[in-house]
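Reader: I am new to reading structures, and I would like to understand how the words used for them are tied to numbers. Could we go through one together?

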Amino acid sequence: MADRMRFLKETDEGVDKVCEIMEEFVAKREARAEARGEARGEARGEARGEKKGRLKTVISLLKKGKLSEAEAADEIGMTLEEFRNNMEACTTLQ
């Protein structure tokens, strides 16, 4: 074991081998972190898209007179004030 450690620490070939192992380790770790980040980003994007879709549907029902503002806000889990602000932002972007 001591010979192996000496080889890895004290020879060019050993140091190169340690560097190679560390580079592989770091590359794998970065790949896993990137995959986790992408998955989180996709989940957030999907959630935002679903929320925006529900908001547009509720606004459509509101405009058709099928829901009141209070019912629409309740339907998507917002306060009336939050709903009005989101509705304003949503209709402005269209």
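Author: What follows is a set of questions about the terms used for this structure, each answered by setting a value against a definition.

Author: This is a predicted model, in which local features need pLDDT of at least 70 and side-chain atom pairs count only at pLDDT 80 or more, while totals for chains, interfaces and linings use all residues. Residues are numbered from 1 along each chain as its sequence is written, and side-chain values use heavy atoms, with hydrogens and water left out.

Reader: Why are H1 and H2 called roughly perpendicular to each other?

Author: Helix H1 covers residues 2-10 and helix H2 covers residues 12-63, and the two pack at an angle of about 85 degrees with their axes 5 Å apart. Axes are lines fitted to C-alpha atoms, for helices over the stretch in contact, and angles run from 0 to 180 degrees between N-to-C directions. Angles under 35 degrees count as roughly parallel, over 145 as roughly antiparallel, 65 to 115 as roughly perpendicular and the rest as oblique, and H1 and H2 are therefore roughly perpendicular.

Reader: Which residues in H1 and H2 meet?

Author: From H1 come Phe 7, Leu 8, Lys 9 and Glu 10, which meet Asp 12, Glu 13, Gly 14, Val 15 and Val 18 in H2, where contact means heavy atoms within 4.5 Å. By class, this contact of H1 with H2 has four nonpolar, one polar and four charged residues; Ala, Val, Leu, Ile, Met, Phe, Trp, Tyr, Cys and Pro count as nonpolar, Asp, Glu, Lys and Arg as charged, and the others, Gly among them, as polar.

Reader: Why is Asp 3 called exposed, and Arg 6 partly exposed?

Author: Buried means under 20% relative accessible area, exposed over 50%, and partly exposed in between, with a 1.4 Å probe and protein chains only. Asp 3 has a relative accessible area of 58% and is therefore exposed, whereas Arg 6, with 43%, is partly exposed.

Reader: How do you know that the salt bridge of Glu 69 and Arg 84 ties together parts that are 15 residues apart in sequence?

Author: The side chains of Glu 69 and Arg 84 meet at 2.8 Å, N to O. Glu 69 lies in helix H3 (residues 69-75) and Arg 84 in helix H4 (residues 80-93), so this pair joins parts 15 residues apart in sequence. Glu 69 is partly exposed at 26% relative accessible area, and Arg 84 is partly exposed at 41%.

Reader: What makes a set of residues a nonpolar core, and which residues form the largest one?

Author: A nonpolar core is a set of buried Ala, Val, Leu, Ile, Met, Phe, Trp, Tyr and Cys residues joined through side-chain atoms within 4.5 Å. The largest has 11 residues, including Leu 55, Ile 76, Phe 83 and Cys 90. The elements giving two or more residues to this core are H2, H3 and H4, and H2 gives the most, with four.

Note on methods: Salt bridge = Lys/Arg side-chain N within 4 Å of Asp/Glu carboxyl O.
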